[in-house]
Amino acid sequence: MKLLGNSYFALLLFLLWHFVLSGQVLGTDVTFHVHNKCPFSIWPATASNTGQPVIADGGFYLPSGETELVTAPWSWSGRIWARTGCIFGSNLKQACETGDCDGRLECNGLIGTPPVTLVEITVQADKTKLSFYDVSLVDGYNLPVMVTTKQASPKCTIKGCVDNLKSSCPQELQVLNKKRQVVACKSACLAFNLDSFCCRNEFGTPEKCKPSLYSKTFKEACPAYYSYAFDMPTPLVTCSSTDFVITFCPSGWGEDYQHSST
């Protein structure tokens with residue numbers, strides 16, 4: 001029996017090393033370092049794609065200057081965004097000025113109300129496989145965000161915005177709070193719901209759906225983001241990492257482009 005036990009242990013050890021060498025034994029988690037460099041508090045939120053688990057309970061509070069570590073399982077995909085101007089506990093259906101999810105702190109799978117700047121990401125913990133991520137303004141804008149790997153590399157970085165888009169947002173796209181301050185900027189698709197802006201039906205191809213004056217305004221302010229559905233060249237980034245840094249209101253709101261504007 002002892003000989004059999006030793007042989008069984010040796011077989012398990014062999015299989016373990018085989019899987020390690022073939023890249024099949026991996027860390028089960030990917031980590032998002034969610035950093036708030038805005039001069040105010042935000043409430044980051046997550047929405048997982050179909051079949052994926054909810055991470056970080058779907059939302060949390062993040063004071064100015066603080067960082068929260070959020071873990072996601074291997075091959076997780078979904079969206080991450082920041083909510084602003086939130087007051088919870090008032091039993092209101094809308095607790096946040098932007099990005100609200102039915103008045104809840106923990107969105108628990110609900111998608112935030114647009115317009116909101118969306119980080120869209122599919123991650124792989126296997127370093128032999130690439131993760132895919134982008135920042136989208138297809139449904140509008142509320143805050144600038146930068147996405148990169150922890151070991152920062154230019155090819156793995158989506159930079160922030162050159163300008164504060166809320167300052168240049170056309171009046172017909174503006175979202176105002178109770179104080180009549182611009183807190184977000186709708187996309188033309190969200191504001192007007194026209195096929196030509198939404199790239200659908202007869203405009204559902206890159207050849208038929210072209211940039212509009214509105215999407216060009218978005219692109220000028222935030223060159224590294226999707227400004228409309230068929231934005232070209234594609235702002236999608238592909239990189240391999242197990243640690244990603246998501247920074248809301250990156251330094252200077254344009255410092256990465258050697259052009260600072262508030």
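Arginine 104 is partly exposed, at 37% relative accessibility. Its partner is aspartate 102, and the two side chains form a salt bridge, 3.9 Å from N to O. Aspartate 102 also counts as partly exposed, at 37% relative accessibility. What we are looking at is a predicted model, so please take each value in this talk as computed from that model.

Let me stay with salt bridges. How many does a search of the whole structure find? The search finds three. In general terms, side chains of opposite charge can pair when their charged atoms come close.

Another of these bridges joins aspartate 195 and arginine 200, with 2.5 Å from N to O. Aspartate 195 is partly exposed at 23% relative accessibility, and arginine 200 is partly exposed at 29%.

Then there is aspartate 231 with lysine 219, where the closest N and O atoms are 2.9 Å apart. Lysine 219 belongs to helix H5, while aspartate 231 sits in the loop between H5 and strand E10, residues 237-239, so this pair ties together parts that are 12 residues apart in sequence. Is aspartate 231 buried or exposed? Aspartate 231 is buried, because its relative accessibility is 5% and the limit for buried is under 20%. Lysine 219, at 22%, is partly exposed.

Now the overall picture. The protein has five helices and 11 strands. Of its 262 residues, 44% are buried. As for contacts, take those between residues at least 6 apart in sequence: 65% of them join residues at least 24 apart.

Where is leucine 143? Leucine 143 lies in the loop between strand E6, residues 131-136, and strand E7. Leucine 143 is buried, with a relative accessible area of 1%. Cysteine 249 is 106 residues away along the chain, yet the C-alpha atoms of leucine 143 and cysteine 249 are separated by 6.6 Å. Setting aside neighbours within four places in sequence, the contacts of leucine 143 include Cys249, and also Cys38, Phe40, Ile42 and Lys166. Ala82, Thr84 and Thr117 are among its contacts too.

Threonine 148 has a relative accessible area of 9% and is buried. Threonine 149 is buried too, with a relative accessible area of 4%.

What does the side chain of threonine 148 make a polar contact with? The partner is the side chain of threonine 157, at 2.7 Å. For threonine 149, the side chain reaches a backbone atom, namely the oxygen of glutamine 151, at 3.0 Å.

Threonine 148 is in contact with Ser153, Cys156, Thr157, Phe244 and Val245. Threonine 149 touches Cys156, Phe244 and Val245, and its contacts also include Tyr133, Cys239, Ser241 and Asp243.

The largest pocket holds about 370 Å³ of space. Its lining has 15 residues, and those closest to the centre are Gly85, Ala95, Cys96, Glu97 and Lys178. Sorted by class, the lining consists of eight nonpolar, four polar and three charged residues.

The second largest pocket has a volume of about 180 Å³. Which residues lie nearest its centre? They are Val138, Cys189, Phe197, Ser227 and Tyr228, out of 16 lining residues. In this lining, 10 residues are nonpolar, five are polar and one is charged. Three helices each supply at least two of the lining residues: helix H3, residues 188-192, helix H4, residues 195-198, and helix H5, residues 213-221.

Key. Residues are numbered from 1 along each chain as its sequence is written. This is a predicted model: local features need pLDDT of at least 70, side-chain atom pairs count only at pLDDT 80 or more; totals for chains, interfaces and linings use all residues. Side-chain values use heavy atoms; hydrogens and water are left out. Buried means under 20% relative accessible area, exposed over 50%, partly exposed in between (1.4 Å probe, protein chains only). A polar contact is a pair of N or O atoms within 3.5 Å; within protein, one must be able to donate a hydrogen and the other to accept it, and residues adjacent in sequence count only if both atoms are side-chain atoms. Contact means heavy atoms within 4.5 Å. On a 1 Å grid over the protein atoms alone, a cavity is a set of points where a 1.4 Å probe fits but cannot get out, and a pocket is an open set with protein on both sides within 12 Å along at least five of seven lines; lining residues have an atom within 4 Å of a point. Grid points are joined across faces, edges and corners, and a volume is the space filled by probe spheres set on the points. Ala, Val, Leu, Ile, Met, Phe, Trp, Tyr, Cys and Pro count as nonpolar, Asp, Glu, Lys and Arg as charged, and the others, Gly among them, as polar. Helices (H or I, at least four residues) and strands (E, at least two) are DSSP runs, numbered from the N terminus. A salt bridge is a side-chain nitrogen of Lys or Arg within 4 Å of a carboxyl oxygen of Asp or Glu.
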